[in-house]
Structure formats: structure tokens, C-alpha cells
Amino acid sequence: VIGYEAWERRARLWVPTLQRNVTTRLDVLRYLSMLPDAVRGLGHRYGDSLFRADWGWVKMSLRPYLSAVADLDLTPPRSILDLGCGDGLVTCFYAVLFPTAEVVAVDQCGVCLITTQTLASRLGLRNLRILQVDASQEGMFSGWQFDLVVARSLVLHRLLHGEPRGSEGDEYGVPLLTDILRTSRHVLRPGDGMLISTERWDRATDLWYWTSTIASAGFDIDWVTCRSIAPTTRALSRWRSFMVVARASETPTTVQPSDVLSFLANVEALSQSQRPILTGYTAESLFRTLGRRELVFVFEATRAGFMLRRELHHVGTLLVSYDYTNWHERELSFWPRWAAEALEAQLRGEADALHGHGWDVLRFLPDTRPDDQVATAVR
Ligand SMILES: C[S@@+](CC[C@H](N)C(=O)[O-])C[C@H]1O[C@@H](n2cnc3c(N)ncnc32)[C@H](O)[C@@H]1O
């Protein structure tokens with residue numbers, strides 16, 4: 001088989017199902033199964049409907065968040081600070097997931113903290129401390145150090161969607177992002193201290209603003225670990241909830257628009273059953289403009305004057321495959337970065353199969369010379 005047929009018949013790359021951490025997944029289920037008894041009688045809390053412990057909310061919002069935390073597969077932290085813990089449903093999960101950690105839950109809303117306290121005692125938690133404080137006050141935690149700071153639904157979405165500070169229904173206040181970040185940075189050790197900030201919105205520019213503000217407060221965004229938390233119903237898909245994972249750094253860092261774009265492309269590649277694919281001139285021009293590529297695997301197969309070449313590269317936090325022939329078929333796709341090993345195995349398999357069918361096959365190895373992205377060919 002040569003020519004167009006060979007192109008058409010080339011192996012379609014596919015991403016295997018992401019291996020979830022079964023133990024931590026079970027922790028989510030165990031925790032959710034404890035909630036009906038623990039929240040009984042707590043009902044709707046403090047004034048507005050900031051959140052409700054009803055099962056729709058649990059399914060749409062809480063559970064996807066808890067699953068995302070579980071999938072991070074974190075090294076158990078010794079100490080955790082939850083800024084703006086609200087009714088404590090999230091904080092208590094951290095306390096259950098990391099029983100050896102000391103968890104400190106803070107909120108400025110006293111009524112919320114009563115709920116958190118009730119929940120914690122019904123769940124039998126002994127590793128949780130609850131404090132009523134304004135987390136945006138400078139020097140509030142002086143002398144304290146934590147391994148992990150978490151803040152969920154705390155800051156942005158209300159401000160960015162037209163609600164000024166102090167508006168009606170905002171009696172508990174919406175802190176300024178910069179204040180919360182200053183507090184977080186203050187209590188985290190540079191190097192290993194981690195921030196998990198989770199907010200939701202519908203604009204990519206919000207994500208850029210948010211991550212840039214985090215970076216400039218003295219954090220390194222860990223783009224490979226950041227994730228999008230998919231809502232469980234399609235009706236809600238206008239909203240995107242993002243979990244930004246950042247490490248405290250010695251100095252402020254910056255975020256480029258391309259960091260955000262490649263993160264979003266990765267997220268798309270992960271959530272779409274149909275890969276986003278570019279073909280023809282568009283594929284070629286985009287491939288040529290992609291910055292410094294890091295070779296994962298490339299092979300070139302020739303037979304009877306027909307050449308099929310398939311490339312797989314890391315480009316920043318993106319994984320990109322680019323296939324082409326000397327007949328000018330070209331196709332570029334984005335893949336989740338974690339799938340590199342599986343995709344490489346598929347391409348290796350195809351190269352071997354073509355070799356077995358009498359094709360002349362070259363594989364390319366990364367070259368150590370600086371500007372050669374794909375250099376040494378081996379048979
Ligand atoms: C939308 S709720 C989120 C609660 C919880 N993190 C969750 O995900 O379920 C936001 C919470 O942040 C609290 N909050 C707002 N500003 C705060 C501040 N400056 N200090 C402490 N808590 C604050 C509010 O009182 C409210 O309970």
C-alpha cells in the first residue's frame with residue numbers, strides 16, 4: 001500500500017483512559033457517603049445562596065472539585081490552610097484525605113464557621129482548627145507556615161462579573177485577589193509551598209489575569225498540574241472552573257499569553273473525544289511557528305517514492321503531532337501532554353509494522369546540538 005492509501009490507512013493515534021488514583025478516588029466516594037448524615041439539618045446557610053448543601057450542588061460542583069483534588073495525587077502535606085472555607089465541605093474533605101495533616105480553616109463569616117464546626121464534629125475530625133479571621137488583612141498569619149494553601153470560589157468570579165465590592169448579597173465580602181495572594185505567599189515556604197486556587201468564569205482573559213496576578217505575587221505556575229474541572233452536566237458548560245496549582249517562589253514570575261493558550265489547548269485535547277485537528281497549509285504554518293520543539297518520537301517511512309513522516313513533539317506544555325507526506329498531505333493535532341508515552345508507543349508500533357511490510361524506515365533521535373530539533377536519523 002503506497003500513496004494516498006498509505007496516508008489514509010496510517011494508524012489513528014488515540015489517548016488511553018487516564019489512570020485515576022483509585023485509592024484517592026475511593027476517598028472521594030467515602031467522604032460523599034458520609035455527607036448526608038453530616039449535613040442533616042444544616043440546611044441553607046448564611047443569607048444568600050453562596051452555596052447550598054443540596055445534592056445538585058454536590059454533584060455539579062463539589063464532587064468534580066474533590067475528584068480533581070484526588071487526582072492531583074499530592075504528597076501528603078503536614079499543614080493546610082483553607083482561605084474562605086465557607087461551610088467547610090471542602091475543608092473537611094482535605095482533613096479526611098490527609099488525616100495526618102493539621103488543617104486550619106478560616107473565614108470571616110462566623111455563621112459559616114458554626115456550620116464548619118458542626119460538620120467537623122459530626123465527621124469526627126480531630127485535625128481541624130477553625131478561626132474567624134479576615135484573610136486579606138496584612139500580618140494576619142505572621143509566624144505561621146503551611147505546606148499547602150487552598151482557596152476555592154473565593155475571589156474572582158463575582159468581581160469579574162459585574163458585582164462591585166460591598167454590593168447587596170455580598171455581606172461577607174469578596175476579598176481582593178492581591179490581598180489573598182499576599183497572605184498565601186506569606187505563609188508558604190519558597191520551593192515546596194503550594195497554592196491550589198480554584199475559581200470559575202467564562203473568559204480566557206480572566207484566566208490570564210488570574211494566573212498573571214498569582215505569578216507576580218511570587219509564585220511559579222505549575223501548568224502541567226493545573227486543570228480544568230469539567231462540570232458534570234453539559235448545560236453548565238459555559239462556565240469553566242479552573243484549578244491553578246502554583247509553587248511559592250523566591251521572586252515574582254510572569255505568565256505569557258502562550259502559557260494560557262497552550263494550557264487551554266491541552267484542556268481541549270483532554271476533554272474532546274474528537275481531537276482538534278488542523279490540516280493543509282494551516283497545519284504546516286502553525287507547526288513551523290511553534291516555538292522550540294522537544295522531540296518525543298519521529299519516523300519517516302518511504303516506499304516507491306512515497307514518503308510518510310510522523311512527528312511527535314513537546315512544545316512548552318503542549319504535545320503536538322504533525323504528520324505529512326511528500327504528496328503534501330499535512331495534519332497537526334494537539335494532545336494532552338501526559339499521553340506522550342502512549343502515543344510514542346503507537347507510533348513505534350506503526351514504524352515497525354511498515355518496516356515489516358517492506359518500507360524503508362528511518363527513526364530520528366533528538367540531537368544534543370542546540371538548534372537541531374530533529375537531527376540524527378537511525379534505521
Ligand atoms: C463562595 S464561598 C466559598 C466557600 C468554600 N471555599 C467552598 O468552596 O465551598 C466564599 C467564602 O469566602 C469567605 N471570605 C470572603 N472574603 C474573605 C476574607 N477576606 N477572609 C476570610 N474569608 C473570606 C466568605 O465569607 C465565604 O464564606
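User: Starting with H328, is that residue buried or exposed?
Analyst: In this predicted model, H328 counts as exposed, because its relative accessibility comes to 58%, which is over the 50% cut-off.

User: And where does H328 lie?
Analyst: H328 belongs to the loop between β12, which spans 318-325, and β13.

User: What about the phi of H328?
Analyst: Phi of H328 is near 75 degrees, which is a positive value in a residue other than glycine. As background, most residues other than glycine have a negative phi. A304 is another case with a positive value, its phi being near 50 degrees.

User: Where is A304 found, then?
Analyst: A304 sits in the loop between β10 (294-303) and β11 (306-315), and A304 is exposed, with 68% of relative accessible area.

User: Changing topic, what is the largest nonpolar core like, and which residues have the most contacts inside it?
Analyst: The largest nonpolar core holds 44 residues, and those with the most contacts inside it are Y31, L62, Y94, I196 and M243. Several elements give two or more residues to this core, including the helices α2 (22-39), α3 (55-72), α4 (89-97) and α5 (110-122), and the strands β2 (102-107), β4 (148-152), β5 (194-201) and β8 (240-248).

User: Which of them gives the largest share?
Analyst: That is α3, which supplies nine residues, the largest share of this core. Apart from this core lies another one, of 35 residues, and among them are L188, C226, V244 and A246. As general background, nonpolar side chains tend to be buried together in soluble globular proteins.

User: How do the axes of α2 and α4 cross?
Analyst: The axes of α2 and α4 come within 10 Å and cross at roughly 130 degrees, and that angle makes α2 oblique to α4. The crossing in which α2 passes α4 is right-handed.

User: Which residues make that contact?
Analyst: On the α2 side the contact is made by T24, D27, V28, R30, Y31, M34, L35 and V39, and on the α4 side by L89, C92, F93, V96 and L97. By class, the residues of the contact of α2 with α4 divide into 10 nonpolar, one polar and two charged.

User: And how about α7 and α8, at what angle do their axes cross?
Analyst: Helix α7 (residues 177-187) and helix α8 (residues 204-216) have axes that come within 10 Å and cross at roughly 40 degrees, and α7 passes α8 in a right-handed crossing. The contact is made by L177, T178 and L181 of α7 together with Y209, W210, T213 and I214 of α8. The residues of this contact divide into five nonpolar, two polar and no charged.

User: Where is P257 placed?
Analyst: P257 is in helix α9, residues 257-271, and P257 is partly exposed, with a relative accessible area of 38%. The C-alpha atoms of P257 and T205 are separated by 8.9 Å, although these residues are 52 apart along the chain.

User: One more residue, A339: where is it placed, and is it buried or exposed?
Analyst: A339 is in the loop between β13 (330-335) and α11 (340-356), and A339 is buried, because its relative accessible area is 1%, under the 20% cut-off. Once neighbours within four places in sequence are left aside, A339 is in contact with V15 and L319.

User: Finally, what are the totals for the chain, in helices, strands and buried residues?
Analyst: The chain has 11 helices and 15 strands, and 51% of its 379 residues count as buried. Among contacts between residues at least 6 apart in sequence, 70% join residues at least 24 apart.

Conventions
Residues numbered from 1 in each chain as written. Predicted model: local features only at pLDDT ≥ 70, side-chain atom pairs only at ≥ 80, totals over all residues. Heavy atoms only, no water. Core = buried A, V, L, I, M, F, W, Y, C linked by side-chain atoms within 4.5 Å. Buried < 20%, exposed > 50% of the residue type's maximum accessible area, 1.4 Å probe, protein only. Helix = DSSP H or I, 4+ residues; strand = E, 2+ residues; numbered from the N terminus. Axes fitted to C-alpha atoms, helices over the stretch in contact; angles between N-to-C directions. Parallel < 35°, antiparallel > 145°, perpendicular 65-115°, else oblique. Left-handed = near helix turned anticlockwise from the far one by under 90°. Contact = heavy atoms within 4.5 Å. Nonpolar A, V, L, I, M, F, W, Y, C, P; charged D, E, K, R; others polar.
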